[in-house]
Amino acid sequence: MIPERGVSYYGVAYPDRAAGDYAEMVEHGCNAVLLAVSEFDWWFWRKNIIRLIDVAKNHGLKTYVDLWGWGKTLAGEPPSLFLMRSLEGRQRAASGKTYHATCLNHGAFREHLRRSVEELVTETCLDGIFWDEPHYANWHDTDWACTCSICGALYRERYGEDMPLELTPRVIEFREDRAVGFLRELSVYVKDADPAVDVVCCLLPTKSPLIGITDWEKVASIPELDTLATDPYYFHTGMSREEGLAFFRETSVDCMSLAQKHGKLSQLWLMAFRVPEGREGELSEAADIAAELSADSLFAWPYRGGEGSVLASGDPQRVWDTIGAAYRRHAA
């Protein structure tokens with residue numbers, strides 16, 4: 001069995017409309033939901049976000065909130081209000097180019113997150129907060145970030161020299177320590193506001209130094225962290241079924257081993273978006289792997305296979321039905 005089974009959910013701001021979707025999630029074997037809440041959502045729809053959480057819990061769903069796309073340092077498609085309101089504190093690449101992402105060392109951004117986290121925890125009845133794929137900008141190529149003045153000053157203070165424009169072992173160490181410190185600080189904000197609220201961190205399934213976090217154990221050892229998660233998505237990589245499921249298993253084992261070592265729960269994610277038509281069955285096979293490995297939690301991104309969105313799967317309904325069948329099979 002898999003104790004916790006959930007799905008990410010967004011795009012519906014009216015609680016009475018969401019109630020039908022929550023009921024459908026329960027029918028599909030879910031007992032948890034992750035509400036992806038953008039900065040705009042929390043500013044514009046705050047009263048309804050609070051009610052969305054209440055209604056989800058009334059349906060028996062453990063309810064998490066994902067700071068979806070905040071500062072574009074946490075993952076997600078939505079634009080960031082913080083970036084729209086200020087040109088300061090943006091990440092700068094080694095080439096000197098400025099990225100549309102906030103430097104995680106920017107004091108004003110950290111204060112923005114602190115206030116928002118405290119509001120979310122104290123104004124709602126959420127069960128947990130989710131740090132979604134924390135990363136530096138442009139981690140897909142070698143024009144790495146961040147070399148802004150803030151990072152440069154912190155590097156100089158630590159090492160007594162200017163930050164080089166090459167990704168040296170010392171720069172990799174610096175970037176990673178700052179990223180882990182950022183996550184620790186966010187997690188402390190949560191626990192200071194309410195120790196009963198769970199903290200989940202989902203790490204991208206790569207150890208590339210470009211992303212910023214190469215040593216997952218540093219994250220797993222954060223005292224305030226409750227659950228270590230990863231999302232071994234692979235349909236977009238061109239992997240075959242055999243390669244993809246092997247990748248899912250290998251990455252899952254890495255995550256779960258570290259979680260167990262540090263006394264954390266483990267959470268795995270199924271890629272339910274842009275699933276090629278005809279390959280929906282691999283989601284069921286991946287769920288079987290998660291159950292075999294005794295994962296504590298299994299989520300799918302997103303609800304209904306991304307139907308109608310830029311992330312839509314080839315056959316969204318079949319994706320959703322496949323996940324539902326797998327969840328019901330692995331329910332207690």
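Buried means under 20% relative accessible area, exposed over 50%, and partly exposed in between, with a 1.4 Å probe and protein chains only. The model is predicted, so to speak a computed one: local features need pLDDT of at least 70, side-chain atom pairs count only at pLDDT 80 or more, and totals for chains, interfaces and linings use all residues. Residues are numbered from 1 along each chain as its sequence is written, and side-chain values use heavy atoms, with hydrogens and water left out.

**Exercise 1. Work out how glutamate 118 and arginine 114 are placed in helix H5, and how accessible they are.**

Step one: get the contact. Glutamate 118 and arginine 114 make a salt bridge (a side-chain nitrogen of Lys or Arg within 4 Å of a carboxyl oxygen of Asp or Glu), with the closest N and O atoms 2.9 Å apart.

Step two: check the spacing. Both sit in helix H5, 4 residues apart, about one turn of the helix. Helices here are DSSP runs of H or I with at least four residues, strands are runs of E with at least two, and both are numbered from the N terminus.

Step three: apply the cut-offs. Glutamate 118 counts as partly exposed because its relative accessibility is 29%, and arginine 114 counts as partly exposed because its own is 23%.

**Exercise 2. Find a salt bridge with exposed partners, then a network.**

Look at arginine 17 and aspartate 16: their side chains meet at 4.0 Å, N to O, and both residues are exposed. For the network, trace Arg158, Glu173, Glu176, Asp177 and Lys218, which salt bridges link together. The whole structure has 25 salt bridges.

**Exercise 3. Classify the ring pair of tyrosine 234 and phenylalanine 235.**

First, the rule: rings of Phe, Tyr and Trp (its six-membered ring) pair if their centres lie within 6.5 Å, and planes under 30 degrees apart count as stacked, over 60 as edge-to-face and the rest as tilted. That rule gives 21 aromatic pairs. Now the pair itself: the centres are 4.8 Å apart with 35° between the planes, hence tilted. Tyrosine 234 and phenylalanine 235 are both buried.
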